[in-house]
Amino acid sequence: MSTSPGGVAPAPRTPPASARRESGHDTPLIRADKLSVHFPIGGGLFTRKQMLRAVDEVSLSIPKGSFFGLVGESGSGKTTLGRAMLRATPITGGSIAYSDGEVHYDLVELPKSQLIEYRKRAQLIFQDPYAALSPRMTVRDIIAEPLEVMGITATREATDERVRTIAAKCRLNLEHLRRFPHAFSGGQRQRISIARALVSSPRFVVADESVAALDVSIQADILNLLKALQNELQLTYLFISHDLSVVAHICDHVAVMYLGRLVETAPTRELFRAPRHPYTKALLSAIPSLDPDQRGTAQKLEGEIPSPTNPPSGCKFHTRCPYAIDVCRNTEPELDHMGTEHEVACHRWQELALHDYD
Ligand code: SF4
């Protein structure tokens, strides 16, 4: 058997998970292939122009009907990836295909005339329910605005009917529709945000840290609502979060991002049972445990996440990884398919799995 640099045997190759999903019931609703989003920054009188690689050649397939979690530290590129999938940020390279059975869009090449059609099918739930809602508009007008902007309803009666229907699904009543946002608690405001996002009947919803600003007791209420709406409205979510305990509770698939790259993806149960990437392992071990025997065993992540304007060579995680060897510093690992839907980008995953990271 040939070995890669550093004497590490390559993993046996199986067809990519994305290819297997195409032939099975896990048909992707949206799929990114080598997607990159880079931003030029600086370039002033005294500063050199630099390229911020927020998302760097990410390939990701989100199955139709899934609750797909995207996790990683601040600065890992999660939000930019989510916005790219909504076509809300310029794309530098790669492709994104959206297909819901009725329409198929190549999102990178999408002309402006079709972009508004895509907006009806792909929506965002914001993180901060306090900042997301205009204080000068009634709840009815806030929820109705997307219908009017996108020309979805022809008459005021039709708009009102649709607003009332989605408001009821989000557990808001008629009295609520006449009030202004300041009259509501954080949880109620987030339900208004959700109603606004869903009023155009989207298929794909990006929820970006949508419960992060809420009290823990309210978080459960909003997560349960998102789950119920997923079943009722046949939604597919990309759920962006830094909170792995929330992701474990609600998501069926998880992808882990580090410095603009995907380092591991798997069904949630599999990822939490047997993480293979040292970064994922460190993130999971940092989840607070109620078990006294588990306390204090967290594997600390040393140092800060490096700057995406000057990422490390080879494996982007090598500056913080306790298992880094020469090959890690020189060669970037690709996502490797482990024979299931579990994929990992680490030169040493097999070796480390054998020793269970001793
Ligand atoms: Fe660590 Fe090397 Fe694996 Fe990167 S490739 S996660 S540096 S062991």
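Guide: A salt bridge is a side-chain nitrogen of Lys or Arg within 4 Å of a carboxyl oxygen of Asp or Glu. The model here is predicted.

Visitor: How many salt bridges does the structure hold?
Guide: The structure holds 23 salt bridges. One of them pairs Arg203 with Asp100, with the closest N and O atoms 4.0 Å apart.

Visitor: What does that pair tie together?
Guide: Arg203 is in the loop between α7 and β7, and Asp100 is in the loop between β4 and β5, so the pair ties together parts that are 103 residues apart in sequence.

Visitor: Is Asp100 buried or exposed?
Guide: Asp100 counts as buried, at 11% relative accessibility. Arg203 is partly exposed, at 23%.

Visitor: What about Arg156, which residue does it bridge to?
Guide: Arg156 forms a salt bridge with Asp160, and their closest N and O atoms are 3.9 Å apart. The two sit four residues apart in helix α5, which puts about one helical turn between them. Arg156 counts as exposed, with 52% relative accessibility.

Visitor: And Glu332, which side chain does it meet?
Guide: Glu332 meets Lys316 in a salt bridge, at 2.9 Å from N to O. Glu332 lies in the loop between α12 and β11 and Lys316 in the loop between α11 and α12, so this pair ties together parts 16 residues apart in sequence. Lys316 is buried at 10%, while Glu332 is partly exposed at 27%.

Visitor: Changing topic, which residues surround the ligand?
Guide: Among them are His277, Cys315, Phe317, Cys346 and Arg348. By class, the shell has eight nonpolar, three polar and one charged residues.

Visitor: What is the space taken by the ligand?
Guide: That space is the largest cavity.

Key: Residues are numbered from 1 along each chain as its sequence is written. This is a predicted model: local features need pLDDT of at least 70, side-chain atom pairs count only at pLDDT 80 or more; totals for chains, interfaces and linings use all residues. Side-chain values use heavy atoms; hydrogens and water are left out. A residue is near a molecule or strand if one of its heavy atoms lies within 4 Å of it. On a 1 Å grid over the protein atoms alone, a cavity is a set of points where a 1.4 Å probe fits but cannot get out, and a pocket is an open set with protein on both sides within 12 Å along at least five of seven lines; lining residues have an atom within 4 Å of a point. A molecule sits in a cavity or pocket if more than half of its atoms lie within 2 Å of its grid points. Ala, Val, Leu, Ile, Met, Phe, Trp, Tyr, Cys and Pro count as nonpolar, Asp, Glu, Lys and Arg as charged, and the others, Gly among them, as polar. Buried means under 20% relative accessible area, exposed over 50%, partly exposed in between (1.4 Å probe, protein chains only).
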